[in-house]
Amino acid sequence: MDTPVIPRIVIPLPLEHLSPCSAEKGIATGTVPRQRAASCPAALNVQPVPPPPIDSEAEFAWYRWVLGHHGSFVTWRLLSSALDRRDFDEAAALYDAYSALLLYAGSCTPEVYAAVVRPRMTARHPAMSGTWARDYRHITAQLAEVVPARGSALKEAVKFNRLVHMTVAYRLVPTGRSLLRDAGHDVHQEPTEEEQSIIDDFFLMDRAPNCVPGFVAALRARVSAILADVHLNPARAGYDREAVNRFQEEVPEHIGRLVSIAEAKLWEGANA
């Protein structure tokens, strides 16, 4: 069976704001009722995300890898907005959503990851690295300026996110060798514009203007697809960290919060 085609997602560059809808100029500032967003051309043109190919373990893993990264991209966008507004409780919830998306995206077996996911990334670029993602680099820089207080919800969520990231990575690649290191790249070197664009294109993301209704509609389509998937096929990977195993049971709850956060904050006219 062919892999379902996950629609490309449109997200502006990190420093570019989401705009009001061209058809409903007042939506993003709250002067037009939220219900009228349904008439937004960008929102109407958002394609539904197909269900996963459950009859192929390899393509099922690939589907989750790409869709989970789409979820991460929209989460980073919301997280950047929360950090800008110094809403640290919201930022903590978004970091937990990101942790849940890591577990969703990386839920395949190490064997399938080695046979399917890693070779496809290598084929695109032998040193491909998630550290090239523009949005991730942007929130990392923001977080360095914020410096969450010790013991705060945000500090704990960031620490746990790093634990999840390392735990998932170790399970999928027990040798601990990233493509970046295997290719002999300096892990501390800034990625080039070309390398950052490779990540965007590889994960089916276009960097272009988008309006608030269009972005929220795209986010909602992806969250709905992920929740439908995990309802029928729960992520049940086994990890060597019990805290991560427990958190895995809460994946739907954390990912589901993305829609309510996006609707509550972006409709208020906050820059994303």
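## Close-up views

**View 1. Val 216 is buried in this predicted model.** Its relative accessible area is 2%, and buried means under 20%, exposed over 50%, and partly exposed in between (1.4 Å probe, protein chains only). The model is predicted: local features need pLDDT of at least 70, side-chain atom pairs count only at pLDDT 80 or more, and totals for chains, interfaces and linings use all residues. Residues are numbered from 1 along each chain as its sequence is written, and side-chain values use heavy atoms, without hydrogens or water. Val 216 sits in helix H9. Helices (H or I, at least four residues) and strands (E, at least two) are DSSP runs, numbered from the N terminus. Leaving aside residues up to four places away in sequence, Val 216 touches Ala 262, Glu 263 and Leu 266; contact means heavy atoms within 4.5 Å. Ser 260 lies 44 residues from Val 216 along the chain, and their C-alpha atoms are 9.9 Å apart.

**View 2. Arg 222 is buried without a salt bridge.** A salt bridge puts a side-chain nitrogen of Lys or Arg within 4 Å of a carboxyl oxygen of Asp or Glu. For Arg 222, the nearest side chain of opposite charge is Asp 206, at 9.1 Å. Lys and Arg count as positive, Asp and Glu as negative; His and the chain ends are not counted. Arg 222 belongs to helix H9 (residues 212-232). The Arg 222 side chain reaches the backbone oxygen of Pro 7 at 2.9 Å. Beyond four places in sequence, Arg 222 touches Pro 7, Arg 8, Ile 9, Val 49, Leu 67 and His 70.

**View 3. Glu 59 and Arg 120 form a salt bridge.** The N to O distance is 2.8 Å. Glu 59 lies in helix H2 and Arg 120 in helix H4 (residues 110-124), so this pair ties together parts 61 residues apart in sequence. Glu 59 is buried at 12% relative accessibility. Arg 120 is partly exposed at 31%.

**View 4. A salt bridge joins Glu 156 and Lys 159.** Their side chains meet at 3.8 Å, N to O. Both residues lie in helix H6, three residues apart, about one turn of the helix. Glu 156 is partly exposed, with 39% relative accessible area. Lys 159 is partly exposed too, at 46%.

**View 5. Arg 257 meets Glu 253 in a salt bridge.** The pair is 2.8 Å apart, N to O. The two are four residues apart in helix H11 (residues 251-266), so about one helical turn separates them. Arg 257 is partly exposed at 31% relative accessibility, and Glu 253 is partly exposed at 44%.

**View 6. Five residues are linked by salt bridges: Arg 134, Asp 135, Glu 193, Asp 200 and Arg 207.** They form a network. The structure has 17 salt bridges by this rule.

**View 7. Arg 86 and Val 147 have positive phi values.** Most residues other than glycine have a negative phi. Arg 86 has a phi of about 60°. Arg 86 lies in the loop between helix H2 (57-84) and helix H3 (88-105), and is partly exposed at 47% relative accessible area. Val 147 has a phi near 55°. Val 147 is in the loop between helix H5 (134-146) and helix H6 (153-172). At 58% relative accessibility, Val 147 is exposed.

View 8. From the N terminus, the order is β-α-α-α-α-α-α-α-α-β-α-α-α. Of the 272 residues, 53% are buried. Of the contacts between residues at least 6 apart in sequence, 84% join residues at least 24 apart.

Key: Polar contact = N/O pair within 3.5 Å; in protein donor to acceptor, adjacent residues only side chain to side chain.
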